[in-house]
Amino acid sequence: MDFWSILLICAGMAGIMGWFITIPFTTGVLMYCDWRDGQEVNWAELIGYTIAGPFAWFFAIFEIIVLYSK
């Protein structure tokens, strides 16, 4: 992957998905609420979903575009 591909993916994540603001903020609020309620927080799972979720969406979208672009 070259520099421009990485830059475009980051721009897409930030612009289309709101990746840098929405997902970490929402996950952070949920973690804090669980912690305040006394529930055990599975930090690794929540952070993993926060990072992997948008990439899974983009993979699915690009896969559909590739399959139906002919």
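Helices (H or I, at least four residues) and strands (E, at least two) are DSSP runs, numbered from the N terminus, and the expected span of a helix is 1.5 Å times one less than its number of residues. The model is predicted, so that local features need pLDDT of at least 70 and side-chain atom pairs count only at pLDDT 80 or more, while totals for chains, interfaces and linings use all residues. Residues are numbered from 1 along each chain as its sequence is written, and side-chain values use heavy atoms, with hydrogens and water left out.

**View 1. The protein chain holds 3 helices and 0 strands.** Read from the N terminus, its elements follow the order α-α-α. Of its 70 residues, 14% count as buried, where buried means under 20% relative accessible area, exposed over 50% and partly exposed in between (1.4 Å probe, protein chains only). The chain exposes about 5,900 Å², of which carbon and sulfur atoms supply 72%; accessible areas come from the Shrake-Rupley method with a 1.4 Å probe, and for residues only the protein chains shown count as cover.

**View 2. Helix H3 carries a kink of about 35° at Ala52.** H3 has 26 residues and reaches 38 Å from its first C-alpha to its last, close to the 38 Å expected at 1.5 Å a residue. The kink lies shortly before the proline Pro54, the bend at a residue being the angle between axes fitted to the seven residues ending there and the seven starting there. Pro54 is one of the buried residues of H3, together with Thr50 and Phe58.

**View 3. Trp43, Ile47, Ile51 and Phe55 form a nonpolar patch on the surface.** Ile51 lies in helix H3 (residues 43-68) and counts as partly exposed because its relative accessibility is 46%. Trp43, also placed in H3, is partly exposed at 44%, and its C-alpha is 7.9 Å from that of Met31, 12 residues away in sequence.

**View 4. A search of the whole structure finds 1 aromatic pair.** Tyr32 and Trp35 form this tilted pair, 5.8 Å centre to centre with 45° between the planes. Rings of Phe, Tyr and Trp (its six-membered ring) pair if their centres lie within 6.5 Å, and planes under 30 degrees apart count as stacked, over 60 as edge-to-face and the rest as tilted. Because they are 3 residues apart in helix H2 (residues 22-37), Tyr32 and Trp35 are separated by about one helical turn.

Terms used. Patches are made of residues with over 30% relative accessible area and no salt bridge: like charges are joined within 9 Å, nonpolar side chains (Val, Leu, Ile, Met, Phe, Trp, Tyr) within 5 Å. A salt bridge is a side-chain nitrogen of Lys or Arg within 4 Å of a carboxyl oxygen of Asp or Glu.
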